[in-house]
Amino acid sequence: MLTIRNILAATLIISLFVPVQISYAKEDTKIAFTSSRGGGKDIYVVDGDVRNQTRLTVHPKDDYNPTWSPDGRRIAFVSNRNAGKSQIWAVGLDGKNPVKLTDGTRDEYPDWSPDGKKIVYQSHRREAREVFVGQPRFEIYVIDSDGSNIKQLMGKDSIHPCWSPGGTRVIFSHSKDLETNQIYSIDSDGENLKQLTYDNMYKRYPSFSRDGKKIAYTGKQHIWVMDSDGINKKRVTKRKDFVDEHPTWSPDSKAIAFHAIRNQLDGLAIFVVDLSRNRAKLFIDVQGGSNLDADWHHPGPLSISPVDTKVTIWGRLKSRK
């Protein structure tokens, strides 16, 4: 005879063996990313249903490194459509009438400030024009979102800048010796430079969690996470013989997306790692070309921790088994 107790016990036993699906509302899952499936690189946008992927830019030159405006109405990106020069452009979600914002010869990795008023990026220009072992030496600049009022924020050998949640600080990768890049932060006015890491591991692509408590980055070929003050480092990806790059956080600070080689035969795909299990899953697969540089937009107010340390407005990821 079935009783309420027996039914509850059976339900509990079944639940232990059924995979839990974590899902988010579609309106919270707009993701911009770069894809080369059309031949060259273009910007695509996808919602919570990964099948609904829309090509935003269509141009014979390369478009890449997308970053959302906080209101979700525009995307800044890098394009070499102007005489082969890599420069920062911005476009609305209809893909029409893109606007060039910078005039350098190699401007890359833009990140839109949380208040929507400024964009930070790396640039190989002016006193940074010399190269070291064939590599350009980048500086970090800030412009108003309309492309005006350019200011240098950090000098040579500084890459991959990101805003803090309140827009008061920027984190980035910087090298003092041209050999080992470490993670630094600096106030948005160029004051109060702080070094956050000190070991001999080359670090790049720093990104703050949305709650401001953690920083993710690529160290050698893996994704690592540390506290915002640089302590308690932990490796969260473990695949051997693959390079995991460009980590970005989910809005609840519980997952990180990144791009990596799908396998030894295919191109780049976008993966997500659940930090509760440190297990990476495929999110946006290879579709005739590489997918990379994911940036997630999350509508609504941004809660900022007292630490004030996160960069882009990341969107919500639909977790799939």
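**Close-up 1. The largest nonpolar core of the predicted model has 13 residues.** Those that touch the most other members are Ile31, Phe33, Ile270, Phe283, Ile284, Ala294 and Trp296. At least two residues of this core come from each of the strands β1 (31-38), β2 (40-46), β23 (255-261), β24 (268-274), β25 (279-284) and β26 (291-296).

**Close-up 2. Phe258 and Phe271 form a stacked aromatic pair.** Six aromatic pairs are present in the structure. In the pair of Phe258 and Phe271, the ring centres are 5.8 Å apart and the planes make an angle of 15°. Phe258 belongs to strand β23 and Phe271 to strand β24, so the pair ties together parts 13 residues apart in sequence. Phe258 and Phe271 are both buried. Arg239 lies over the face of Phe271, 4.9 Å from the ring centre.

**Close-up 3. Phe283 and Trp296 form an edge-to-face aromatic pair.** The centres of these rings are separated by 6.4 Å, with 70° between the planes. Phe283 is in strand β25 and Trp296 is in strand β26, 13 residues apart. Phe283 counts as buried because its relative accessibility, 4%, is under 20%. Trp296 also counts as buried, at 0%.

**Close-up 4. Arg81 lies over the face of Trp89.** The distance to the ring centre is 5.2 Å.

**Close-up 5. Ser175 is a buried residue in strand β15 (residues 169-175).** The relative accessible area of Ser175 is 4%. The side chain of Ser175 makes a polar contact with that of Asp177, at 3.3 Å. Beyond its neighbours within four places in sequence, Ser175 is in contact with Asp157, Thr180 and Asn181. Ser158 is 17 residues away from Ser175 along the chain, and their C-alpha atoms are 6.7 Å apart.

Note on methods: Residues are numbered from 1 along each chain as its sequence is written. This is a predicted model: local features need pLDDT of at least 70, side-chain atom pairs count only at pLDDT 80 or more; totals for chains, interfaces and linings use all residues. Side-chain values use heavy atoms; hydrogens and water are left out. Helices (H or I, at least four residues) and strands (E, at least two) are DSSP runs, numbered from the N terminus. Buried means under 20% relative accessible area, exposed over 50%, partly exposed in between (1.4 Å probe, protein chains only). Contact means heavy atoms within 4.5 Å. A polar contact is a pair of N or O atoms within 3.5 Å; within protein, one must be able to donate a hydrogen and the other to accept it, and residues adjacent in sequence count only if both atoms are side-chain atoms. A nonpolar core is a set of buried Ala, Val, Leu, Ile, Met, Phe, Trp, Tyr and Cys residues joined through side-chain atoms within 4.5 Å. Rings of Phe, Tyr and Trp (its six-membered ring) pair if their centres lie within 6.5 Å; planes under 30 degrees apart count as stacked, over 60 as edge-to-face and the rest as tilted. A charge sits over a ring if NZ of Lys or CZ of Arg is within 6 Å of the ring centre and within 35 degrees of the ring normal.
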